[in-house]
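Here is a short briefing for a first look at a structure. Keep the sequence and the 3D view side by side as you read.

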Amino acid sequence: MQTITVRTIKVDNLREANALLRRVGADPRGVAIMAPKAVSRVLYLNSVPVHVAHILKQEMLASGGDAAVHRGVITGEVEQTDVVLLGTLKQLQQLVIKLKTQPYFRLPQLAEQIDTVLTVVESSPKGGLNCRGKWLPLGRRTLVMGILNLTPDSFSDGGKFNHPEAALVQARRLVEDGADILDVGAESTRPNATPVPAEEELRRIKPVLSQLLAEIDVPISVDTYKAKVAHEVLAMGVQMINDVGGLKFDPELARVVADYRVPVVIMHNRARAEYQDLMSELVADLRQSLELASRAGIAEEQIILDPGIGFGKTQQHNLEILRRLGELRVLGKPLLLGTSRKSFIGATLNLPVTERMEGTAATVALGIANGVDIVRVHDVKEMVRVARMTDAIVRGDGDD
């Protein structure tokens, strides 16, 4: 008789659960029933009234799951509590069904929120970005955005490419190395950088853009938070805007993006690195930006989110976000990660900006493993290789 072996299996989502059960040879009808039982989920609910917390606790226990609440819920010492729901996907789906049948305390609306979160987390961005006729596919492989700085004072390569001839040479090289997008910036956004007026930003960028748009085949993104700059470069033919201000620095920017119907990267940013609950506040801030985009009429499928590594965060904040990137999937948007050569890598490894490629590579690989769709990098050739290798492992069917 062959020895029976026992091992653990990592199952992150419903797709993996279905594949696992089919591998065993389970009946297809059984697979549909059992797969949701193989996926565990932990949901965090903020500021729940005590009477609702009691209902959530009761319903989760009844289905075999659980709910963690403040100890003061039992003693009556608190009026509201955060709640952690602990259960399988099946148990949480049953919770949704039960809450929808109870017309009290806005429970059907809470059920819809939970259902939406479960659906979004199980899905991944599909389709692609329409960059004014240039199509960028999402979900098949990680896209690589190459950085082209036209600034004299950027932290990494300031002054290297701020002449049109040098910029064009660098742009060609980035595309040859595999960049799917070029991100062109004419104002440094490093900490403590001196802001420049829109007129100076345009003076730096327009001569270069004229040549890039005529010669470069990949979509061109412009890194700006100013509506005036965005309007003028989009009128020239630019295909994407990358906004470090999360649509909050210039109230007109969202309308300009909506008018031109181009993709926009919405980055998280704060003036101060002060948080009570880092990931909860990061998600809440990005939801505010999404609301601004919606009110302006920006198409849902044209929005990319960026957690803003290095912007209003400490070194430890940046590392924590990288560990917990998967939590941002709840927002249901493609994610861009920009860690290239940044100071938190230098602080972690005690290395100058010229020696941070390996640290950047680690963040790129980890980001892709946690669901990032686009990486923004200086060293395109090397990071394309990192992305393709990681894609082969994570996606299982990378096309390169």
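The points below cover sheets, helices, salt bridges and the surface.

This is a predicted model: local features need pLDDT of at least 70, side-chain atom pairs count only at pLDDT 80 or more, and totals for chains, interfaces and linings use all residues. Residues are numbered from 1 along each chain as its sequence is written, and side-chain values use heavy atoms, with hydrogens and water left out.

Helices (H or I, at least four residues) and strands (E, at least two) are DSSP runs, numbered from the N terminus. Two strands pair if DSSP finds at least two bridges between them.

**The three-stranded sheet**

- Three strands make an open, antiparallel sheet, in the order E1-E3-E2.
- Strand E1 (40-49) and strand E2 (66-68) are the edges; each has a single partner strand, so one side of each has no neighbour in the sheet.
- From one strand to the next, the twist averages 25°. Axes are lines fitted to C-alpha atoms, for helices over the stretch in contact, and angles run from 0 to 180 degrees between N-to-C directions.
- E1 and strand E3 (residues 80-88) run antiparallel and are joined by eight bridges.
- Arg-41 has Gly-87 in E3 as its bridge partner.
- Helix H5 (residues 89-100) packs on this sheet and touches E1 and E3. Its direction makes about 130° with that of E3. Contact means heavy atoms within 4.5 Å.
- Helix H6 (residues 107-122) lies across E1 and E3, at about 150° to E1.

**The eight-stranded sheet**

- Eight strands form an open sheet with parallel pairing, in the order E11-E10-E9-E8-E7-E6-E13-E12.
- Strand E11 (303-306) and strand E12 (336-337) stand at the edges; each has a single partner strand, so one side of each is left without a neighbour in the sheet.
- H11 packs on the sheet and touches E10 and E11. The direction of H11 makes about 155° with that of E11.
- Strand E7 (residues 181-185) and strand E8 (residues 220-223) run parallel, joined by four bridges.
- Val-184 has Val-222 in E8 as its bridge partner.
- H15 lies across strand E6 (143-149) and strand E13 (374-377), running at about 165° to E6.

**Helix H10 and its cover**

- Which residues are buried in helix H10 (residues 253-260)? They are Leu-253, Ala-254, Val-256, Val-257 and Ala-258.
- Buried means under 20% relative accessible area, exposed over 50%, and partly exposed in between (1.4 Å probe, protein chains only).
- The cover over the buried residues of H10 includes helix H9 (227-236), strand E9 (240-243), E10 and H11.
- Arg-261 follows H10 and has a positive phi, near 55°.

**Salt bridges**

- A salt bridge is a side-chain nitrogen of Lys or Arg within 4 Å of a carboxyl oxygen of Asp or Glu. By this rule there are 29 salt bridges.
- Arg-172 and Glu-215 meet in a salt bridge, at 2.8 Å from N to O. The pair links distant parts of the chain, 43 residues apart: Arg-172 is in helix H7 (residues 164-176) and Glu-215 in helix H8 (residues 198-215).
- Arg-172 is partly exposed, at 36% relative accessibility. Glu-215 is partly exposed too, at 41%.
- Arg-388 and Asp-391 form a salt bridge, with the closest N and O atoms 3.3 Å apart. The two are three residues apart in helix H15 (residues 380-394), so about one helical turn separates them. Arg-388 and Asp-391 are both buried.
- Asp-27 forms a salt bridge with Arg-29, the closest N and O atoms being 3.3 Å apart. Asp-27 is partly exposed at 38%, while Arg-29 is exposed at 66%.
- Lys-100, Glu-112 and Asp-115 are linked in a network of salt bridges.

**Exposed points**

- Met-1, Ile-4 and Val-6 make a nonpolar surface patch of about 490 Å². Patches are made of residues with over 30% relative accessible area and no salt bridge: like charges are joined within 9 Å, nonpolar side chains (Val, Leu, Ile, Met, Phe, Trp, Tyr) within 5 Å. Accessible areas come from the Shrake-Rupley method with a 1.4 Å probe; for residues, only the protein chains shown count as cover.
- Val-6 sits in the segment before helix H1 (14-24). Val-6 is exposed, with a relative accessible area of 79%.
- Ala-271 lies in the loop between strand E10 (264-267) and helix H11 (278-296). Ala-271 is exposed, at 87% relative accessible area.
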